[in-house]
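Subject: Structure for your review

Dear colleague,

Please read them alongside the coordinates.

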Amino acid sequence: MKPTVMLIGLGGLGSIVLELLAREERLGRIVVGSRNATRGVARCNLVRLGAMAQGYAPTIGFVPLDLNDKEAVAEIVQREKPDIILSTATMQTWWLPDLLPPEQAAIIKSAGFGVWLPVHLTLTLKLMEALREANYRGITLTAPFPDVVNCVLSHLDLAPTCGVGNLDEIVPKVRLLAAERLRAPLNAVRVLLVAHHALEPVVFGEPTGEVPPYFLRVEYGGQDVTENIHADELLLAPYPLPPGPVTHFLTAGSTVRLMRALLSEEGALLHAPAPNGLPGGYPVIASREGVQPAPIEGLALAEAIVINERSHRFDGIERIEADGTVVFCPEAAEVLRVELGYECERLTPDEAEDRAQELIARFQKYAERYGVNLRENVRREV
Ligand SMILES: NC(=O)c1ccc[n+]([C@@H]2O[C@H](COP(=O)([O-])OP(=O)(O)OC[C@H]3O[C@@H](n4cnc5c(N)ncnc54)[C@H](OP(=O)(O)O)[C@@H]3O)[C@@H](O)[C@H]2O)c1
């Protein structure tokens, strides 16, 4: 029987992932769950017709689903029996600071992405609690800030299988530039990268000081050519991308390829953030068995983990403690205290929802002060 995929969250990223999944012939049913049924059904209809117009025949169904109702989510999962669940649900999307006037956007973004943790953690935590209740044993992939969110969840024994995107959005850039420098076909070039979410803005050209730590190895025809081709230069070479939600095509492409590997007999060596809740991202072997960090010549897994733990602070996170409490870097917390009046130096998972609501409300007020209506803008974009 062909596998069933359940997609939770049909916003900017979820909608693009759905477009790509609808063109995957190896899939059986796609079940889409989101709160807004009117918008969700219409979107599923559009995707179905678009795929059919292109010659595919996907089976797509919509179920109203609110992650705040864990019992109902558990029931839906037990009924639909998905082989893979992908959640893109979040309380607030990631690109909103870009809507502010440039000066305020730069100030808010200087805090790093980590300060937004509560808005990305809350619904993934609820999902994983619901899946535990449902005794779900399939694969769970998550999009919201997995490099940190899934690591926090691992301390509560609730880690998803892995995250999607992030470092796997960097790998194609390095592979392409390496193949060009080597004048080699793409498929002869292999990239192995250990890197955190915090490296991505640097790689795609946001101004920064220190570069977060990472490990990069490039192989050509099985030989290590990292030094010969100056791979570090390639990683940081200018490669501008348009800002904002159009980059979801990149994330979605990476997500669908990961799903293919997870549904295949043979599996594949890919990259993914947070395999089994590890911090940051790694090369992984993805197969029906799940996801495991791939062995890397010259780098032990423990060393790779240290690289990613040291990278947290480039996203404004000082450390994650054994009980899942997150300690923010003082300078990051200070930016939000001064700008938004939001004070949060430590976050325990159980207070994530309250802090998320407060942060969203304060950010909306802040944006209004600068003439930006966040709700209106998001409605228009998605
Ligand atoms: N890993 C990566 O590489 C990567 C790349 C891009 C984005 N992201 C992350 O992916 C996440 C989604 O981004 P986005 O731009 O798609 O955000 P978005 O447009 O705001 O979509 C989020 C979706 O979550 C749903 N949602 C909200 N509350 C819900 C609830 N209680 N139950 C069920 N669904 C709920 C919303 O749909 P309803 O209102 O209909 O429920 C909404 O469509 C963010 O965390 C973002 O940072 C990750």
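The residues that line the largest cavity divide into five nonpolar, no polar and three charged; please keep in mind throughout that this is a predicted model. The lining consists of L21, E24, R26, L27, V256, M259, R260 and L263, and α10 supplies the largest share of it, with three residues. The volume of this largest cavity is about 60 Å³, and the structure holds two cavities of 30 Å³ or more.

The second largest cavity contains about 40 Å³ of space and is lined by V115, F328, A333, L336, Y342 and C344. Its lining divides into six nonpolar residues, with no polar and no charged ones.

Turning to the ligand, 28 residues surround it, and the closest are L13, R35, T93, H120 and V164. By class, this shell has eleven nonpolar, 13 polar and four charged residues. Taken alone, the ligand exposes 910 Å², of which the protein buries 92%. The elements that give two or more residues to the shell are α1 (12–21), α5 (117–133) and α10 (248–262), and α10 also contributes to the lining of the largest cavity, as described above.

Best regards

Notes: Residues numbered from 1 in each chain as written. Predicted model: local features only at pLDDT ≥ 70, side-chain atom pairs only at ≥ 80, totals over all residues. Heavy atoms only, no water. Near = heavy atom within 4 Å. Areas by Shrake-Rupley, 256 points an atom, 1.4 Å probe, with all protein chains shown as cover. Helix = DSSP H or I, 4+ residues; strand = E, 2+ residues; numbered from the N terminus. Nonpolar A, V, L, I, M, F, W, Y, C, P; charged D, E, K, R; others polar. 1 Å grid on protein atoms, 1.4 Å probe; cavity = no way out; pocket = protein on both sides within 12 Å on 5 of 7 lines; lining within 4 Å. Points joined across faces, edges and corners; volume = space filled by probe spheres on them.
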